[in-house]
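Please look over the sequence and structure first.

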Amino acid sequence: MDTQQDTASPQATTVQEPLHIGLLWHSFRSENLGVAALTFANLDLIAQSAEKAGRRPVFHVIGSRGQVDYSAECPYENDFTNVGIKALVNPFSELHRAFGRCDVVFDIGAGDSFSDIYAWGRFAMMIGSK
């Protein structure tokens, strides 16, 4: 009977390189449940692809702030940056820093923001953020 103990070291876990993903005009902080549903659906699909490629998804949600906050429901590292006209025109704003952290950005235009049911200001904000 062999009494030698297996002294092999435990397998080291590999640390995945992060992939910083911007989700423009998405939101975890909006009363608009359609935008929240689109955000979670996109996040899930994008995260699956990132993980399949061997990367750890880190999400930078860039959108409108509301009274609710679903960010705790997100199973991935994430942060939020509010889009505002002042931040949009200031190249040194937190908004521009958030864009700078991203390796890739996905934009849903807050769902239906290009619809003619909204005022021209919203349309200008959507175009300006591009």
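In this predicted model, 33% of the 130 residues of the chain count as buried, meaning under 20% relative accessible area with a 1.4 Å probe and protein chains only, where exposed is over 50% and partly exposed lies in between. The chain exposes about 8400 Å², of which carbon and sulfur atoms supply 55%; accessible areas come from the Shrake-Rupley method with a 1.4 Å probe.

**Layout**
- The chain has 4 helices and 4 strands, taken as DSSP runs (H or I, at least four residues, for helices; E, at least two, for strands) and numbered from the N terminus.
- From the N terminus on, their order is β-α-β-β-α-α-β-α.
- Contact means heavy atoms within 4.5 Å; among contacts between residues at least 6 apart in sequence, 64% join residues at least 24 apart.

**Cores**
- The largest nonpolar core has 13 residues, and Ile-21, Leu-23, Leu-43, Phe-59 and Tyr-76 touch the most other members.
- Strand 1 (17-24), helix 1 (33-52) and strand 2 (55-63) each give two or more residues to this core, with the largest share, 4 residues, coming from helix 1.
- A second, separate core of 10 residues includes Ile-62, Ala-87, Ala-98 and Met-126.
- A nonpolar core is a set of buried Ala, Val, Leu, Ile, Met, Phe, Trp, Tyr and Cys residues joined through side-chain atoms within 4.5 Å.
- Not counting residues up to four places away in sequence, Tyr-76 touches Leu-43, Ala-47, Glu-51, Pro-57 and Phe-59.

**Basis**
- Residues are numbered from 1 along each chain as its sequence is written, and side-chain values use heavy atoms, leaving out hydrogens and water.
- Local features need pLDDT of at least 70 and side-chain atom pairs count only at pLDDT 80 or more, while totals for chains, interfaces and linings use all residues.
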